[in-house]
Amino acid sequence: MTSRHLNKLRAITAAAIALIALPMCLPASAQDAPAAPPAAETVAAPPDATVEQRLADLESYFGNVGVGGSGDSAWSSKVAGVPGPGHNGWMMTCAALVLFMTLPGLALFYGGLVRKKNVLSVLAQCLGCAGMVTVIWWAVGYSLVFGKSFTGTALEPFLGGTEFFFLKGVTSAPNTDYCYWISQNVFSMYQLMFAIITPALIIGAIAERMKFSAIMLFIFIWMFVIYMPMAHMIWGVTGLMNGVWNGAAKITAIDFAGGTVVHMTSGWSALILCIILGKRLGFGKEKMSPHSMVLCMVGTGMLWVGWYGFNAGSALAADGVSANAFMTTTLAAATAGFVWAIIEKLLKGQASILGMCSGIVAGLVVITPACGFVNADGAMIIGVAAAIVPYIFVMYVKKAVGYDDALDTFGVHAVGGTLGAILTGVLATSEVNGNLTDVNTYAATNGLAKIIAAGSGLLGQQLIAVGITLVISIVGTVIIAMIVKVTIGLRPTAEVETAGLDISEHGEEGYEH
């Protein structure tokens, strides 16, 4: 043994002797003092993560699940409450893509379809909608949809809560009620983009004949009466119809990206509003062709690109479910556009740009509620159905009934959204989304996993959700439209409508003469 080792041994021995001798050196009063009372029991903090547990956290990131274990096996994760860079980056991109759908996608799509004297009015309505809805969302909208402070009250199934009013507490930390790896401020902005485009879709049905002020007031009330309750019921963690993420859901419906919340609500509201509003002056007597199919086609392309953020982004992660939604969105949109063109060629002798654009949008609408729940075969079936059924409503039902759905919002969005919700109940499969299995404790608790495994029962739940959406959209729109009509009026004067809304309401013209 070396002298260095001997010195270490001596030091250790001396320290041990000192510890043993310490009580003997204390005064008697100190030795005889009663022991201090035991400290109050506290819950031990989870131990620091081991290397294996830190690797498990990394695997959780790739699997888009929570970190830190649970119960007795929990550990103190170093990444708890930290957003994941890849998932967060993807969702910021998706939020921008969904905004791109409205500005400029929907604005150009609708703008190209109206007469040139009204093109700026459509752009103004889309811009006004984006601004006003953002203010509502910041103040109360996000909280009423995605909060949960109403838990235990009669409002719980229909609205979220007040805890996030004015985005209080909405920081870069994830809200794990909805996503483990996405900053809550990013999540809130992503959901804002859905809230913006949904009422903007209504503009297509009432284009060229409703006052700007009336549209803004209608949308303001519509957000509270229809959008927020529907969004919470379908997507909120305490929502009445959130079959995937609410274990106490009374109706176990599924809607991946907004067939009911977005397309059914806006489309059915659009039909009712255009009927109450009345037809455009000269409808059925004058030619009211689109003034620019070029703008319409450009807008369609922007909508298609932006829709990847809408559908694939609704996975709330850059994961396998998102990848599947990306694929099914592509297949359905392309198939529907092509089939619509074939139908036109067979029945009318020509395949029009308008027809192909309508088919593409219809395919995107119908696949929306199903994109994260169906496989490639299901997407192809949806693509074909999305061309045939909306085509019938756009080309035949509208003429037979006689309503003036100016830009076919009802024929594409209401019919397409309803069709998509129903087909989701037929074509959904747990093979592409594990959240439909009993691995997801919510789906296991509320019975969704059981009916998916049995292969029957989901369609019934979807039909109930469709029925509730219809009632809320139709009844709510009638009430709101009547309020606006009585207070400020819905339509401009005949002179204003004849001259065009651009120059009369906005003091500008889209094109120089």
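Biologist: What am I looking at here?
Modeller: It's a predicted model, where local features need pLDDT of at least 70, side-chain atom pairs count only at pLDDT 80 or more, and totals for chains, interfaces and linings use all residues. Residues are numbered from 1 along each chain as its sequence is written, and side-chain values use heavy atoms, with hydrogens and water left out.

Biologist: How many helices and strands are there, and what counts as one?
Modeller: The protein has 18 helices and 0 strands. Both are DSSP runs numbered from the N terminus: helices are H or I with at least four residues, strands are E with at least two. Along the principal axes, the C-alpha atoms fill a box of roughly 110 × 50 × 45 Å.

Biologist: Why is Arg 115 called buried?
Modeller: Its relative accessible area is 13%, and buried means under 20%, exposed over 50%, partly exposed in between (1.4 Å probe, protein chains only). So Arg 115 counts as buried. Across the protein, buried residues make up 52% of the 513 residues.

Biologist: And what makes Lys 287 buried or exposed?
Modeller: Lys 287 comes out at 73%, so it counts as exposed. You'll find Lys 287 in the loop between α8 and α9. Lys 287 is 46 residues from Ala 333 in sequence and 30 Å from it in space, C-alpha to C-alpha.

Biologist: What makes Arg 115 and Glu 286 a salt bridge?
Modeller: A salt bridge needs a side-chain nitrogen of Lys or Arg within 4 Å of a carboxyl oxygen of Asp or Glu. Here the N to O distance is 3.9 Å, so the pair qualifies. Arg 115 sits in the loop between α4 and α5 (119-146) and Glu 286 in the loop between α8 and α9, so they tie together parts that are 171 residues apart in sequence. Glu 286 is partly exposed, at 49%.

Biologist: Which residues are linked with that pair in a network?
Modeller: The network of salt bridges links Arg 115, Glu 208, Arg 209, Arg 280, Glu 286 and Asp 404.

Biologist: How many salt bridges are there in the whole structure?
Modeller: The search finds 9. One of them joins Lys 148 to Asp 177, with the closest N and O atoms 2.9 Å apart. Lys 148 and Asp 177 both lie in the loop between α5 and α6, 29 residues apart. Lys 148 has 38% relative accessibility, so that residue is partly exposed, and Asp 177 is partly exposed too, at 32%. Glu 497 and Arg 491 form another, at 2.7 Å. Glu 497 is buried at 5%, whereas Arg 491 is partly exposed at 25%.

Biologist: What makes something a cavity, and what makes it a pocket?
Modeller: On a 1 Å grid over the protein atoms alone, a cavity is where a 1.4 Å probe fits but cannot get out; a pocket is an open set with protein on both sides within 12 Å along at least five of seven lines; lining residues have an atom within 4 Å of a point. Volume is the space filled by probe spheres set on the points, which are joined across faces, edges and corners.

Biologist: Which residues line the largest cavity?
Modeller: Among them are Met 101, Phe 109, His 263, Trp 307 and His 413. The lining divides into 10 nonpolar, 2 polar and no charged residues (Ala, Val, Leu, Ile, Met, Phe, Trp, Tyr, Cys and Pro are nonpolar; Asp, Glu, Lys and Arg charged; the others, Gly among them, polar).

Biologist: And what about the largest pocket?
Modeller: The largest pocket holds about 1,200 Å³. Of its 46 lining residues, Asn 64, Tyr 178, Val 244, Trp 245 and Asn 435 are closest to its centre. Helix α6 gives the most to that lining, with 4 residues.
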